[in-house]
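The sequence and the model are shown below.

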Amino acid sequence: MTPTFRILIGLAAIMGADGVILAALSAHQGHATQLEAASSMLLFHAPAVLGVVALAARGMVHLKIGIAAAFGFVVASTLFAGDLSLRQFAGHSLFPFAAPSGGTLLIASWLTLLVAAAWPQRK
């Protein structure tokens, strides 16, 4: 297993743990509605990162493009969830348009994964 795969697996684990923490906070705080969306983004995209690693390790997607998609999921989910969490707890945004930027990057990452699946891996 490459160091890049290990890093992505570790990041996915952190994303999953953060997603569970945010889900628990939203369940125990009635007014924490923004945390539900933040936890969903993390809990949905952490397995996506693991899936890309598994596909790339088996040669089912183009390695470099697949890794770019996986890192895109990590960065985009962090932007989206971080912005919503900061709005919930601090009352202000991470930076203007942080959540929409994260959402746009998520869409781009999913489309990058499509390209990785369609682009043959050179042996």
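Leaving aside its neighbours within four places in sequence, which residues is His-62 in contact with?

## Basis of the values

The model is predicted: local features need pLDDT of at least 70, side-chain atom pairs count only at pLDDT 80 or more, and totals for chains, interfaces and linings use all residues. Residues are numbered from 1 along each chain as its sequence is written, and side-chain values use heavy atoms, with hydrogens and water left out.

## The loop residue His-62

His-62 lies in the loop between α2 and α3. Apart from neighbours within four places in sequence, His-62 is in contact with Ala-116, Trp-119, Pro-120 and Gln-121, where contact means heavy atoms within 4.5 Å. The residue counts as buried at 16% relative accessibility. Buried means under 20% relative accessible area, exposed means over 50%, and partly exposed is in between (1.4 Å probe, protein chains only).

## Overall architecture

The protein has four helices and zero strands, and its elements run α-α-α-α from the N terminus on. Helices (H or I, at least four residues) and strands (E, at least two) are DSSP runs, numbered from the N terminus. The C-alpha trace spans about 55 × 25 × 20 Å along its principal axes.

Of the 123 residues, 37% count as buried. The protein exposes about 6,800 Å², of which carbon and sulfur atoms supply 72%; accessible areas come from the Shrake-Rupley method with a 1.4 Å probe, and for residues only the protein chains shown count as cover. Among contacts between residues at least 6 apart in sequence, 72% join residues at least 24 apart.

Ser-26 is placed in helix α1 (residues 3-28) and is buried, with a relative accessible area of 13%. Its side chain reaches the backbone oxygen of Ala-23 at 2.8 Å.

Met-1, Ile-9 and Leu-50 make a nonpolar surface patch of about 290 Å². Patches are made of residues with over 30% relative accessible area and no salt bridge; like charges are joined within 9 Å, and nonpolar side chains (Val, Leu, Ile, Met, Phe, Trp, Tyr) within 5 Å. Leu-50 belongs to helix α2 (residues 33-57) and is partly exposed, with a relative accessible area of 39%.

Helix α3 (residues 63-90) has 28 residues and reaches 39 Å from its first C-alpha to its last, close to the 40 Å expected at 1.5 Å a residue. The expected span is 1.5 Å times one less than the number of residues. Gly-91, which follows α3, has a positive phi, near 80°.

Arg-87 forms a salt bridge with Asp-83, their closest N and O atoms being 2.6 Å apart. A salt bridge is a side-chain nitrogen of Lys or Arg within 4 Å of a carboxyl oxygen of Asp or Glu, and by this rule the count comes to one. The two residues are separated by about one helical turn because they are four residues apart in helix α3. Arg-87 counts as partly exposed at 34% relative accessibility, whereas Asp-83 counts as buried at 0%.

## Ala-99 in helix α4

Ala-99 is found in helix α4 (residues 98-118) and counts as buried at 7% relative accessibility. Not counting residues up to four places away in sequence, Ala-99 touches Phe-80, Asp-83 and Arg-87. The C-alpha atoms of Ala-99 and His-45 are separated by 15 Å, with the residues 54 apart along the chain.

Technical notes: A polar contact is a pair of N or O atoms within 3.5 Å; within protein, one must be able to donate a hydrogen and the other to accept it, and residues adjacent in sequence count only if both atoms are side-chain atoms.
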